[in-house]
Amino acid sequence: MYYARMRKALITGISGQDGSYLAELLLAKGYEVHGLIRRASSFNTQRLDHIYQDIHDKDAKLFLHYADLTDTSRLHTLLQELAPHEIYNLAAQSHVAVSFLEPELTGNVTGLATTKLLEAVRASNLECRFYQASSSEMFGDSPSPQSEITEFRPRSPYAAAKLYSHWITRNYRDAYGIHASCGILFNHESPRRGETFVTRKITRAVAKIAHGQQKNLYLGNLDSIRDWGYAPEYVEAMWLMLQQDQPDDYVIATGKPYSVKDFCRMAFEQVGLEWEKYTIFDQRYLRPTEVENLIGNSDKAQSQLGWKAKTYTPELVSIMVQADLVLCSK
């Protein structure tokens, strides 16, 4: 098995939850890490502030570059300049509900942009390994538990765009011999999760309600069942995929089902409150097409990568609520 040492990695979406944890992991392994960020009028690198060093620091190993995945020429130039050994494509418009409002943007950023990045790899003749962040949402309403051989039946523009990226990555692997692997990751959360995602929305609200800063929590479908894991463990699986001699696709999941209602109940229990007294159903949060059950079977990852989830949903809820309680007390 190949294990990269003193290697150079490029992470798209480095400022997101997964990107920041992956950057930490790779830096700890001695990598030189480069990340793509989009130009904006304000900085959006809060998740990286604790590890970022000035580019002029002689000891710096984390470097950020302005780039947009829809800009083909910029991708070509940057790849030729950096010549990374590993590329982790994590960038996306990743909010399922938003994808219904902005389907074309989602298709361009979450779907077509992957082709542009892979084409830049091919055209640059890079000897690199490529990771594509696929998603459990691609399974849609296929029966659970879902594994690598389960039929894909996407139920949102986001899921359809992710499925395009998944298949184009496999196509470049087969057509051009690129060492490209897809991680079909089921829901994975942490205190760094964005506040508009349901898990963080819940834990943030619980903390605010406990501190008297908020009165109620408004949610949509409480009966949706998900397989929630801990994000820092999932980025380790990403790295392991690129250390294999042969590229492949892997489901990464805990295999344990919990409903949104379960998550909500456990979160309120952390502060000694009854969830029913504070949670209000709001149909505005329902999606045009819902996905009811996503539960992963990660046996392949366990047998071939040696990866297995260590943190399950009840502990994850505790981690997130405790972190938000601290934030709300400041």
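Student: Let's take the second largest pocket. How many nonpolar, polar and charged residues are in its lining?
Tutor: The lining of the second largest pocket has 6 nonpolar, 4 polar and 4 charged residues. Keep in mind that this is a predicted model.

Student: How much space lies in the second largest pocket?
Tutor: About 220 Å³.

Student: Which other residue has a positive phi, near 45°?
Tutor: That's A83, again a residue other than glycine. A83 is found in the loop between α2 (72–82) and β4 (86–89). With a relative accessible area of 36%, A83 is partly exposed.

Student: Staying with the backbone, which peptide bond is cis?
Tutor: The one from S144 to P145 is cis, with omega near 0°. P145 lies in the loop between β5 (129–135) and α5 (157–176).

Student: Switching to charges. How many salt bridges does a search of the whole structure find?
Tutor: The search turns up 17. One of the pairs is E137 with R226, whose side chains meet at 3.9 Å, N to O.

Student: What does the E137 and R226 pair tie together?
Tutor: E137 is in the loop between β5 and α5, while R226 is in strand β9 (residues 225–226), so the pair ties together parts that are 89 residues apart in sequence. E137 and R226 are both buried.

Student: Remind me, why do such pairs form in general?
Tutor: Side chains of opposite charge can pair when their charged atoms come close.

Student: Which residue does E151 meet in a salt bridge?
Tutor: E151 meets R153, at 3.6 Å from N to O. R153 counts as partly exposed, at 32% relative accessibility.

Student: And what about R204, which residue does it form a salt bridge with?
Tutor: R204 pairs with E195, and the closest N and O atoms are 3.5 Å apart.

Student: Is R204 buried or exposed?
Tutor: R204 is buried, since its relative accessible area is 18% and buried means under 20%.

Student: Which residues are linked with R204 in a network of salt bridges?
Tutor: The network links R204 with E195, R200 and D324.

Student: Last topic, the surface. Which residues form a nonpolar patch there?
Tutor: Y218, I280 and Y285 form one, and together they have about 270 Å² of accessible area.

Student: Where does Y285 lie?
Tutor: In the loop between β13 (279–281) and α9 (299–304). Y285 is partly exposed, with a relative accessible area of 42%.

Notes: Residues are numbered from 1 along each chain as its sequence is written. This is a predicted model: local features need pLDDT of at least 70, side-chain atom pairs count only at pLDDT 80 or more; totals for chains, interfaces and linings use all residues. Side-chain values use heavy atoms; hydrogens and water are left out. On a 1 Å grid over the protein atoms alone, a cavity is a set of points where a 1.4 Å probe fits but cannot get out, and a pocket is an open set with protein on both sides within 12 Å along at least five of seven lines; lining residues have an atom within 4 Å of a point. Grid points are joined across faces, edges and corners, and a volume is the space filled by probe spheres set on the points. Ala, Val, Leu, Ile, Met, Phe, Trp, Tyr, Cys and Pro count as nonpolar, Asp, Glu, Lys and Arg as charged, and the others, Gly among them, as polar. Patches are made of residues with over 30% relative accessible area and no salt bridge: like charges are joined within 9 Å, nonpolar side chains (Val, Leu, Ile, Met, Phe, Trp, Tyr) within 5 Å. Accessible areas come from the Shrake-Rupley method with a 1.4 Å probe; for residues, only the protein chains shown count as cover. A salt bridge is a side-chain nitrogen of Lys or Arg within 4 Å of a carboxyl oxygen of Asp or Glu. Helices (H or I, at least four residues) and strands (E, at least two) are DSSP runs, numbered from the N terminus. Buried means under 20% relative accessible area, exposed over 50%, partly exposed in between (1.4 Å probe, protein chains only).
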